[in-house]
Amino acid sequence: MTRVLVTHADEPIGRRVVKCLFHDPRIDSIFAVGDGPTPRAFDRFLAAGEGPTVTYARVDLAKHRAASDLFHSARFRAAEIDTVVHLPRHGSGSQVQAPLVGGLSERTAEMRLVVQHCLEAGGVRHLVALGSAYVYKLHPGNANRLTEDSELDLDPGVAPEVRTWIDADMIAHGEVHNDRLRVVLLRAPTVVAAGGYAYMNPALPVRWPRVRALGFDPICALISDKDVARAVQAAVHARRSGIYNVAGRESVPLSVLARWTRRAAPPLPHPVLGWAAAGARLLGSRRALPYGGGALRYGFTLDTRRAERDLGFRAGDRIGLARAGDGSLQLETASST
Amino acid sequence: MNESIHPAMAAVQEAPEIDGEFRLDRDPFLETAGEGNPLARRLDELERRAPRWRRLGSRTVSPARPEPLRPPISRPRRTTPPLSEVELPERRDLWDRLLPERARRALTSIAHLVEGEGPYDRFGFSAEATRLALPWFHALYRYYFRVESRGHENLPEAGPAVLAANHAGLLPFDAAMSAVDVLMHTDPPRLVRTIVDRWAGELPFVNVFYARVGQVVGTRENFADLLEDGQLVLVFPEGVDGVRKTVTQRYRLQSFRVGFIEQALRARAPIVPTAVVGSDDQAPILFDVKPIARALGLPVAPVTPTFPWLGPLGLLPYPVRYRIVYGEPLHFHERFGPEGAEDARLVGYLARQVRRAVQQLIDRNRK
């Protein structure tokens with residue numbers, strides 16, 4: 001039986017992962033942590049008499065003391081956690097704007113602390129981390145279907161949002177061959193959820209105005225939040241180390257994705273966006289504009305065969321528009337079986 | 001020897017090692033500090049009160065099992081249904097009225113190439129965008145370039161294949177006419193995926209249009225991917241050298257790149273030599289002003305009878321008659337196998353064979 005700690009469980013993907021693990025008979029207990037109060041969706045898990053025991057705690061994992069207190073707490077030790085599922089912050093979009101933690105972005109600091117404490121904690125044998133596929137270098141000549149071995153975007157001019165993903169990715173990547181801890185790093189493209197939500201796409205920032213590069217409409221690979229949860233579940237039980245691309249079958253242009261998520265993304269000439277981002281950097285603004293790199297111009301999809309072979313994961317959801325009760329068309333995800 | 005070592009370090013060296021770690025209950029520093037040391041007593045006490053969660057024996061996870069050699073997962077190929085099995089949709093708008101029934105059936109058929117629920121394939125191809133573009137190109141095909149074609153029996157009905165054609169003309173109407181011709185003369189209809197130069201991926205609007213009508217930026221991975229999907233890939237092995245040809249070099253093929261031979265061998269795909277007669281006359285280049293091309297980062301800075309004198313309008317092709325001929329497929333993979341792709345001399349030789357076959361087709365069909 002597996003005992004799992006899930007970070008950022010209060011965010012949309014985290015809630016989905018907890019739900020998926022709750023219905024997994026191989027899971028003994030779930031220790032969920034998050035920034036916010038207990039999500040209402042957890043009420044039935046917390047009160048459930050059957051299934052795994054679910055515990056929720058409010059912890060800011062970007063703070064060293066808070067993370068340390070969590071991993072050294074009697075509660076954590078009593079839970080005998082053997083698997084940690086680290087989901088990055090994705091729903092609030094505050095990772096770039098928030099003050100840096102120890103010179104690192106929140107996302108990077110969290111990943112560093114989680115990896116460090118997983119290595120130090122005696123019982124933790126397995127770490128599953130969710131990363132972004134936007135860490136890959138995107139340029140006019142990039143392959144359409146990127147593999148796990150494709151080049152990462154280490155360009156210093158890359159958008160700050162992407163930079164945080166790359167830093168977090170490389171921290172987890174550095175421990176993949178550690179024989180003291182099995183690390184599975186899942187790289188997911190744009191995550192979409194029913195109702196018209198899209199996460200983890202740097203070209204569709206949560207708080208900044210959305211724009212597109214004029215004359216470009218890159219193809220975006222998609223995966224549903226339910227498939228992400230299934231991929232995490234597969235990684236929890238696979239007992240492997242490695243980096244795996246996970247993606248659904250659908251891919252749509254950025255303009256269509258913006259329309260599906262009901263937020264306009266007017267096109268602007270790309271040089272203007274580049275100048276604005278460079279000007280913000282020159283002015284020393286930490287609130288650097290999230291526009292840069294190739295995500296606004298060059299698309300990609302993912303080669304998921306390694307995940308299919310090693311983790312046994314294959315996306316099962318269809319993603320598309322469906323007519324809602326009020327007659328409007330809404331983004332929906334549905335199982336294809 | 002030990003006399004020169006600090007006692008604490010000596011204790012470390014003698015301490016028992018379990019799975020690469022020293023046991024906490026044999027802390028060498030505590031032992032050398034002595035029983036009477038108050039600090040040691042305090043540390044002892046703290047150690048006793050400390051939670052035992054760190055003492056879980058070996059910290060090494062089970063070693064990775066040796067991976068058995070497994071064949072790579074092959075992706076299912078998407079195919080198009082024959083025209084007779086396609087249910088013809090009702091005419092929706094003016095675009096549908098402009099197209100003959102066969103073209104509409106073909107469009108419906110190639111929509112099956114899109115995987116999943118979305119209206120786009122992973123390269124950005126959209127059957128709907130192609131439906132809007134096809135009437136224009138079909139009109140050009142039929143009335144402007146008055147395309148004649150033959151040798152369609154040499155186009156494979158299914159499976160991967162490479163069309164290797166000559167390339168000319170400032171704007172790639174040779175690719176467009178070939179794509180329309182293949183779509184209109186194959187059953188089940190086949191969508192031609194043309195490999196375009198990388199710099200086309202940087203051109204605003206052009207890159208979007210190319211992607212929507214099924215063209216793909218030329219990388220080795222994309223080429224291999226298309227062939228693995230069982231698609232019909234059109235390449236111009238001359239590359240931009242074909243576009244740069246001046247009027248004195250018309251219909252004389254430039255040297256061929258060899259990448260398409262490697263990919264065809266690896267994917268066990270036949271190569272169909274294809275001659276496009278007419279494209280060399282659509283915009284005859286009198287001079288190529290190379291310094292200007294270099295300065296502007298363009299592949300060519302042409303001077304034609306109409307460009308730059310008429311501005312952008314001067315780039316439009318002349319209404320020349322096109323003749324497209326498909327030669328007999330060359331099954332190099334049957335003789336040399338996928339491992340032949342590793343032999344640079346063989347690959348170069350095969351590329352010259354394809355070039356000769358295309359040149360012969362051009363010479364035979366020019367008159």
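Figure 1. V232(A) touches V17(A), V85(A), V128(A), L130(A) and L186(A), leaving aside residues up to four places away in sequence; two residues are in contact if their C-beta atoms, placed from the backbone, lie within 7 Å. The model is predicted: local features need pLDDT of at least 70, side-chain atom pairs count only at pLDDT 80 or more, and totals for chains, interfaces and linings use all residues. Residues are numbered from 1 along each chain as its sequence is written, and chains are lettered from A and ligands numbered from 1 in the order in which they are written. The largest nonpolar core has 177 residues, and L186(A), V232(A) and V162(B) have the most contacts inside it. Such a core is a set of buried Ala, Val, Leu, Ile, Met, Phe, Trp, Tyr and Cys residues joined through C-beta atoms within 7 Å. A residue is buried if 20 or more other C-beta atoms lie within 10 Å of its own, exposed if 12 or fewer, and partly exposed in between. Helix α7(B) gives the most to this core, with nine residues. A second, separate core of five residues includes A168(B), L170(B), V243(B) and I285(B).

**Figure 2. Packing of helices α6(B) and α7(B).** Helix α6 (residues 127-144) and helix α7 (residues 173-185) of chain B pack at an angle of about 95°, with their axes 10 Å apart. Helices are DSSP runs (H or I, at least four residues), numbered from the N terminus; axes are lines fitted to C-alpha atoms over the stretch in contact, and angles run from 0 to 180 degrees between N-to-C directions. The angle makes α6(B) roughly perpendicular to α7(B), a term for 65 to 115 degrees. From α6(B), F137(B), H138(B) and Y141(B) meet A176(B), M177(B), V180(B) and D181(B) of α7(B).

**Figure 3. Position of E221(B).** E221(B) lies in helix α9 (residues 220-228) of chain B. E221(B) counts as partly exposed because it has 16 C-beta neighbours inside 10 Å. Q263(B) is 42 residues from E221(B) in sequence and 9.5 Å away in space, C-alpha to C-alpha.

Conventions:
Helix = DSSP H or I, 4+ residues; strand = E, 2+ residues; numbered from the N terminus. Parallel < 35°, antiparallel > 145°, perpendicular 65-115°, else oblique.
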